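Colleague: Before I use this model, I would like to go through the labels attached to it. Please set each value against its cut-off.

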Amino acid sequence: MGPPRTTSAAPVRSTPRRDPRGACPCCRRPGPGERIEGTSYAACPTCGSLRSIADSCDVAGATAIGAARTSDARRARARVGHLRRAVGELRGSRLLELGPRDDLFVRAARDVGIDAVREADASARGTFDVVVAWEGLELLEEPGALLERAASSLGPSGWVVVATPNAESLLRRGLGARWHGYDLPARHRTCLTEAGFRCLAARTGWHDVRAFTVDGGPGGLMQPRAPEAFDLESAVRRGAAWCLAPAGAVLERLTGRVPGALGETLVAAARLR
């Protein structure tokens, strides 16, 4: 999951700065965390999750910005595969997708026999077997709010499945402060690790947590330092990404299956108690 591109259709409003002294939004460890030099993020020493200490933008605007980039049918089909990998076969199950402006994932899910619906079309539909949010946790000061929202739509033992930027990715480790994810502190408020998601799920009433990473390879190199910029550095990154694409395709298949091969996106699932 790369960073969203700016579009003129998404108004951005400034909101108050997050308190840098507050507890980790995932594991609730008190204290400010460890500031990552050259960025507007701090890392939790306990679970490793990142939180932005910059001014935030309007969440609704951030969601709209992301939607413009993620409306892709191929990605929607891939997400059906991620869903099956996370919780197994769901043919005949009732699924609710939170947040999107398009219906590409819903259509892809229906193609494999899942009774899927977008949140905007879900009035008077009762409860669901699974709720998915392919983007959203990273936009929230308190990511537990999304899990509470999912729980309110689920029946007994229902599943939530999320995808969010992975704070443990190989690119973040390799690029340090120049990782493209650090360019989004106003929009991406919380960047989770697997440990962070497990803590978050446990303290908000979920169990049977499952997690893996996807989107390995050099694709993240194609992101420029600033979403709207295209300079020499971004040109070099794009060229390197094209040259490394074959190796990246192999790495993407290994990501999440070989220890240490950690992709840019964390996919996590948990079952309601």
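Modeller: Start with arginine 118 and aspartate 121, which form a salt bridge with the closest N and O atoms 3.1 Å apart. This is a predicted model, where local features need pLDDT of at least 70 and side-chain atom pairs count only at pLDDT 80 or more, while totals for chains, interfaces and linings use all residues. Residues are numbered from 1 along each chain as its sequence is written, and side-chain values use heavy atoms, with hydrogens and water left out.

Colleague: Why is the contact between arginine 118 and aspartate 121 called a salt bridge?

Modeller: The term requires a side-chain nitrogen of Lys or Arg within 4 Å of a carboxyl oxygen of Asp or Glu. The closest N and O atoms of arginine 118 and aspartate 121 are 3.1 Å apart, so the pair qualifies. By this rule the count comes to 9 salt bridges.

Colleague: Is arginine 118 buried or exposed, and what about aspartate 121?

Modeller: Buried means under 20% relative accessible area, exposed over 50%, and partly exposed in between (1.4 Å probe, protein chains only). Arginine 118 has 17%, so it is buried. Aspartate 121 has 43% and is therefore partly exposed.

Colleague: What makes glutamate 89 exposed?

Modeller: Its relative accessibility of 52% counts as exposed. Glutamate 89 forms a salt bridge with arginine 84, at 3.8 Å between the closest N and O atoms. Arginine 84 is partly exposed, at 34%.

Colleague: Which parts does the salt bridge between aspartate 115 and arginine 94 tie together?

Modeller: The closest N and O atoms of aspartate 115 and arginine 94 are 3.8 Å apart. Aspartate 115 lies in strand S5 (residues 115-118) and arginine 94 in strand S4 (residues 94-97), so the pair links parts 21 residues apart in sequence. Strands here are DSSP runs of E with at least two residues, helices are runs of H or I with at least four, and both are numbered from the N terminus. The protein has 7 helices and 10 strands.
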